[in-house]
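Could you walk me through this structure, from its charged pairs to the way its chains meet?

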Amino acid sequence: MNILVLVKQVPNTTEMMIDKENGTLIRAGVESIANPDDLTGVELALELKEKTNGHVRVITMGPTQAEDMLRGLYGMGVDDAVLLTDKRFAGSDTWATSNILSAAIKRYPYDLIIAGRQAIDGDTAQVGPQVAEALGLPQVTYVHDVTHYETSSLTVIKSLEEEKLTLRLPLPGLITVLSEAREPRYLNVKDVMTAHQKPLETLTFDDLDLSLDAVGLKASPTRVKRTYTKEIVQKSPVQTLSPEDAATLILKHVVGHH
Amino acid sequence: MIGYYEQKHHLYDTMLKAFVAKEVKPHAADIDEREVFPHDTVKKMAALGMLGVPFKDYDGAGGDEVAYAQTVLSLSKACATTGVIVSAHTSLCSWPIHAFGSDDQKARYLPKLNRGEWLGAFALTEPSAGTDAGAQKTVAVPEGEGYRLNGTKIFITNAGVADLYVILAMTNPELKTKGISAFLVEATFEGFRVGKKEKKLGIRGSSTCELILDNVYVPKENLLGKVNQGFKIALATLDGGRIGIAAQAVGIAEGAIDEAIKYVKERQQFNRPIAHFQHTQFALAQMETQKEAAKHLTFYAARLKQEGKPYSQAAAQAKLFAAQVAMDVTTQAVQLLGGYGYTREYPLERMMRDAKITEIYEGTNEAQKMVIASHLLRGGAR
């Protein structure tokens, strides 16, 4: 099974700075990590690779510093890594990003594409589904587990808030996965030691079959009108109670809501 | 460590950090308290290649000496027991087989050791032969197509849990150190027994036992190196082992400094965190500087070994200094925590107990000075 995993490098912080000019995130000076949901995607891909004697290729779009993340994924055991980097890609919203990723994906053989549910910086959960749409592939989002695989289909459990659905996805297809699905494996010494010797394919705008009106900030239909920090408004009064009274009060509320 | 690290070593640090935080640190106090060997952790390390780090062939993980020192250092930051398990296995058992073994011995034993399916140990010390290794009483007498071994070894790290032992024994007692040979003894060989398990001050999760060789027959294919070459093999093995122990000592010191920093920022006395007092700041500055110096000596020795240059003196210096630093730093760290540091609520008293062994095993501080002085007086390479 040929598996492609979409991975995003994100800032490792909850305190994000926002560029007031255009409402996008300031990434300079913040440590970067692989997006947690995406790492779960890599883990699932590696498991499927082991079961099917398959091949795992990770693709990311980002600045050249994203190479560090890709070397780390080699350390986990992925077979190939692709970096999509170009100044013309800068400022792409999810639609433009999906155009770029889809154009890159067309260059490689694949049976399954795995994306994380959403990135911890933008939290849109849009790129995976948009890539599936752009490529005309069936998709299942919010995948909690992969329970069965065949050459022509995958059986997955999709997690909704209140229930779980078991679905069969014809291949080639795309899934987006939840962090809860798998704990990503550790890097291993053998793959870490060779991670920097492996080839890293770097693609720019010129390598892809794309037009300029489909990439970058100017082509992005998303316009950030305003960003603001949510203020915490205290709605309930503070009560000082004994542990027994506090427990009774909490219980009353819990029972009342269910 | 700029100057010693390549890109892969930086990536390896991130791997070790994640592994230690999740798989080693949470168990450190418990295995110390209960004096139990961390079998599960060893299995997990084996699966990730951490028991064959410096070896490129025979299913080794393809790392190098710097990566090996990183491994022991990082593990020891949280748990010196876990550090020494890897160090004794790698430096004292796999390495001499790699350096002195026949092709047949390498093929038979190294893949199992490097994959961590087997654990290794090394047995030189005897009740009356410590630094005076020439006073060995264990004997190996030729018999048929092999040797008959009889004697007792003590203080053997990984004994009881190891599957393979490098054992030193007298083949020509009248020749003293020139009459010692090295043997590869499997734990299942008839007559091989594990004796008393030591109750120790520190590294209490590691298994340190007596070994009893009661008429153990060892086939000649398991003679490591040549007859009477054993002492040379032992000294060379310990030269490398000292890099592992130096790394363990640096790890203990670094772990203690991290814990001390965390505490002094939180602990309030006289209405301010004690980190605000200049005494605290000076103490931390001194500890960190000593630890960094020890770390440089350690990685320098590792690099020399990696590049095939003489490293005996550098390894002894690294081990001597790092052990002293580990003792100093942990003692000072306990002092910074005051009464809390003395309790088992905090890991520092454990680190202080663990630090002491680094001044003793694989050659005491005094033995390191003998090695260093002999290099100096011979006028050899620095």
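## A buried arginine and its partner

Arg204(B) counts as buried, at 14% relative accessibility; here buried means under 20% relative accessible area, exposed over 50%, and partly exposed in between, using a 1.4 Å probe and protein chains only. Glu35(B) is buried as well, with a relative accessible area of 18%. These two residues form a salt bridge, and their closest N and O atoms are 3.5 Å apart. The term covers a side-chain nitrogen of Lys or Arg within 4 Å of a carboxyl oxygen of Asp or Glu. The pair links distant parts of the chain, 169 residues apart: Glu35(B) sits in the loop between helix 1 (7–34) and helix 2 (39–47) of chain B, and Arg204(B) in the loop between strand 6 (192–197) and strand 7 (208–219) of chain B. Helices (H or I, at least four residues) and strands (E, at least two) are DSSP runs, numbered from the N terminus.

Before going further, please note that this is a predicted model, in which local features need pLDDT of at least 70 and side-chain atom pairs count only at pLDDT 80 or more, while totals for chains, interfaces and linings use all residues. Residues are numbered from 1 along each chain as its sequence is written, chains are lettered from A and ligands numbered from 1 in the order in which they are written, and side-chain values use heavy atoms, leaving out hydrogens and water.

## More charged pairs

Side chains of opposite charge can pair when their charged atoms come close. Over all chains, the rule counts 46 salt bridges. In chain A, Lys8(A) and Asp121(A) make one, at 3.1 Å from N to O. They are 113 residues apart, with Lys8(A) in the loop between strand 1 (2–6) and strand 2 (9–11) of chain A and Asp121(A) in the loop between strand 6 (112–116) and helix 4 (127–135) of chain A. Lys8(A) is partly exposed, with a relative accessible area of 31%, whereas Asp121(A) counts as buried at 10%.

In chain B, Glu143(B) and Arg148(B) meet in a salt bridge of 2.8 Å, N to O. Glu143(B) is partly exposed at 36% relative accessibility, and Arg148(B) is partly exposed at 23%. Salt bridges that share partners also join Asp32(B), Glu33(B), Glu35(B), Lys199(B), Arg204(B), Arg344(B), Glu349(B) and Arg353(B) into one network.

## Inside chain B

Chain B has 11 helices and 10 strands. Its radius of gyration, taken over C-alpha atoms, is 21 Å, which agrees with the value near 21 Å for a compact globule of 382 residues; that globule rule is 2.2 Å times the number of residues to the power 0.38. Of those 382 residues, 59% are buried.

Where does Leu113(B) lie? Its place is in helix 5 (residues 103–114) of chain B. Leu113(B) is buried, with a relative accessible area of 0%. Leaving aside neighbours within four places in sequence, Leu113(B) has contacts (heavy atoms within 4.5 Å) that include Leu51(B), His89(B), Trp118(B) and Leu164(B). Asn158(B), in the loop between strand 3 (146–157) and strand 4 (164–170) of chain B, is also buried at 0%. With neighbours within four places again set aside, the contacts of Asn158(B) include Phe37(B), His89(B), Tyr165(B) and Ser207(B).

## Where the two chains meet

The contact takes 12 residues from chain A and 20 residues from chain B. About 1,400 Å² is buried between chain A and chain B, with carbon and sulfur atoms giving 71% of that area. Buried area is the accessible area (1.4 Å probe) that two parts lose on being put together, summed over both. Tyr186(A), Val189(A) and Met193(A) supply 51% of the area that chain A buries against chain B, more than any other three residues.

How many salt bridges does the rule find across the interface of chain A and chain B? It finds one. Lys22(B) forms a salt bridge with Glu183(A), the closest N and O atoms lying 2.4 Å apart. On the side of chain A that touches chain B, helix 2 (66–76) and helix 5 (189–194) of chain A each supply at least two residues. Helix 5 of chain A gives the most to that side, with four residues.
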